Amino acid sequence: MNYTLRCRICKKQFDHDFFRCPACGGVLECDFDLSDQQHLRHVLQNARGFWDYSDFFPIRTDHIVSIGEGETPLVYAKNLCAELGMQGVYIKNEGQNPTGTFKDRPLSVGYTKAVELQAEATIIGSAGNAGAAAAAYAAASGIRCFVLLPEFTAMERVAQTLRYGAHAIKIRGNVSDCIDMLNTVCARRNWHNMSTAVPCNPFQAEGSKTIAYELARQLDWMTPDWVIIPIGGGGNLASIYKGYCDLKKLGLIDRVPKMVGVQEESCAAVAQAYAIHAAPDQIKRVENPSGVAVAIQDALPLDGSAALQAIYDSGGIAMSVSASQIADAQSLLGRTTGIFAEPASACTVAALTRLKGDGRILKTEKVVCLVTGNGLKDTGFAIAHSVAPDVVDMDEQALDRVIDRYISM
Ligand SMILES: *Cc1c(COP(=O)(O)O)cnc(C)c1O
């Protein structure tokens, strides 16, 4: 077997699968055996798709649940570099995943594990994107799926989940409340918790390490100076950092990048802890979270401690950006690269703009911004920041006048 589960609290190790430590109830983490270095280096160097990395997944079956996740493009952002006065900015576009966000990576692994463990049903708490991804992989695997969403989740975000055939239920609370709610349901009914946080499900998180593996190969084993990632629960950042540590242990890179975690000002538990140099286990729940970046509105980031530890260990930064900086960044990214990012993902470009402006990121440094989700996930936000186009009669001269006005602008 290629992994064991280790309890973060009592440190006991298990080679049977559990969701939480059977000895003390602590959070379990997957530890991989990386001793066959030559083979694993070969895997990382030659992978051409997400499931080529299965030696790094806690999976014992050949029956994988896949709908074409991962292996997303890395785009050199030439025009964005020019605008920012940078030389090496790259966008990793996770919006190209089957359901439009990186969540397809953890949920592909999560549902493969659910099939392997013969789950009767699955349930997830989500702000919308993880729920939609769970619904899609549940459909592909034929397992029933319940999705708990905050009451005020816009119907446009819920509809995707419903079209995939999952059962959506709204909860009068925020996304952290939704995740809290389902622990008792899982225990009583013996269902699988698919929420994308290690304390809920230690298996799914291993899927997101592949973002680091792909980045390393796509950049020809050059380590960027900075990788900028939005933080919701913090699991994605922690997992990508774990992936970079694997690459270093296997001798494929000689250093890890500095990790930047970005939140929105109105819901920034990790950034607030970082600002006062708090210990990773001292992150405080945000009361009444709000904001435009709904995909990262986690009042209590369940993987926040792992994310903050990764930020400290890598010499990185945790910070927050405002709603108007997010709107500006969405527009800047769109018009310089052709990549449409949802607000939670535009945060990364807002952060880069600020860090470059403050001189904390230098012109010559290499930076990857992770666009975690497609702008089409939140058309309401884009519409609210767009001016409605002119309407012209079927009259060429009238059309010319409007075109001339644009040209003279
Ligand atoms: C879930 C999500 C995030 C946050 O990921 P975490 O692992 O919860 O930190 C960021 N962006 C998008 C688009 C998401 O769907």
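Author: Happy to. Two strands count as paired if DSSP finds at least two bridges between them. Helices (H or I, at least four residues) and strands (E, at least two) are DSSP runs, numbered from the N terminus. The model is predicted, so local features need pLDDT of at least 70 and side-chain atom pairs pLDDT 80 or more, while totals for chains, interfaces and linings use all residues. Residues are numbered from 1 along each chain as its sequence is written, and side-chain values use heavy atoms, leaving out hydrogens and water.

Reader: Good. Which residue stands opposite Thr122?

Author: Thr122 faces His192, which belongs to strand 9. Strand 6 (residues 121–125) pairs with strand 9 in the parallel sense, over 2 bridges.

Reader: And what order do the strands of that open sheet have?

Author: The order is 8-7-6-9, an open sheet of 4 strands with parallel pairing. At the edges are strand 8 (167–171) and strand 9 (192–193), each pairing on one side only.

Reader: What about strand 7, where is Val147 in all this?

Author: Val147 is in strand 7, which covers residues 144–150. Its relative accessible area is 0%, so Val147 is buried. Buried means under 20% relative accessible area, exposed means over 50%, and partly exposed lies in between (1.4 Å probe, protein chains only).

Reader: How many Å separate the C-alpha atoms of Val147 and Gly95?

Author: They are separated by 21 Å, and the two residues are 52 residues apart along the chain. Gly95 also has a contact with Asn93: the side chain of Asn93 reaches the backbone nitrogen of Gly95 at 3.0 Å. Polar contacts here are pairs of N or O atoms within 3.5 Å; within protein, one atom must be able to donate a hydrogen and the other to accept it, and residues adjacent in sequence count only if both atoms are side-chain atoms.

Reader: Asn93, then: buried or exposed?

Author: Asn93 is buried, at a relative accessible area of 10%. You'll find Asn93 in strand 5 (residues 88–93).

Reader: Now the part I really want. Which residues are closest to the ligand?

Author: Lys103, Gly233, Gly234, Asn236 and Thr372 are the closest of the 17 residues that surround the ligand. To be counted, a residue needs a heavy atom within 4 Å of the molecule.

Reader: What lies 2.7 Å from an oxygen atom of the ligand?

Author: That is a polar side-chain atom of Lys103. A backbone N or O atom of Gly232 lies 2.8 Å from a ligand oxygen atom, and a polar backbone atom of Gly235 is 3.3 Å from an oxygen atom of the ligand. Taken alone, the ligand exposes 380 Å², and the protein buries 95% of that. Those areas come from the Shrake-Rupley method with a 1.4 Å probe; for residues, only the protein chains shown count as cover.

Reader: Which cavity is the space taken by the ligand?

Author: The ligand takes the space of the largest cavity. Helix 8 (235–249) and helix 12 (343–357) are the elements that give two or more residues to the shell around the ligand. A cavity is a set of points, on a 1 Å grid over the protein atoms alone, where a 1.4 Å probe fits but cannot get out. A molecule sits in one if more than half of its atoms lie within 2 Å of its grid points.

Reader: Nice. Switching topic: where is Gln118, with its phi near 55°?

Author: Gln118 is in the loop between helix 3 (104–116) and strand 6. The phi value is positive, and Gln118 isn't a glycine. At 70% relative accessibility, Gln118 counts as exposed.

Conventions:
1 Å grid on protein atoms, 1.4 Å probe; cavity = no way out; pocket = protein on both sides within 12 Å on 5 of 7 lines; lining within 4 Å.
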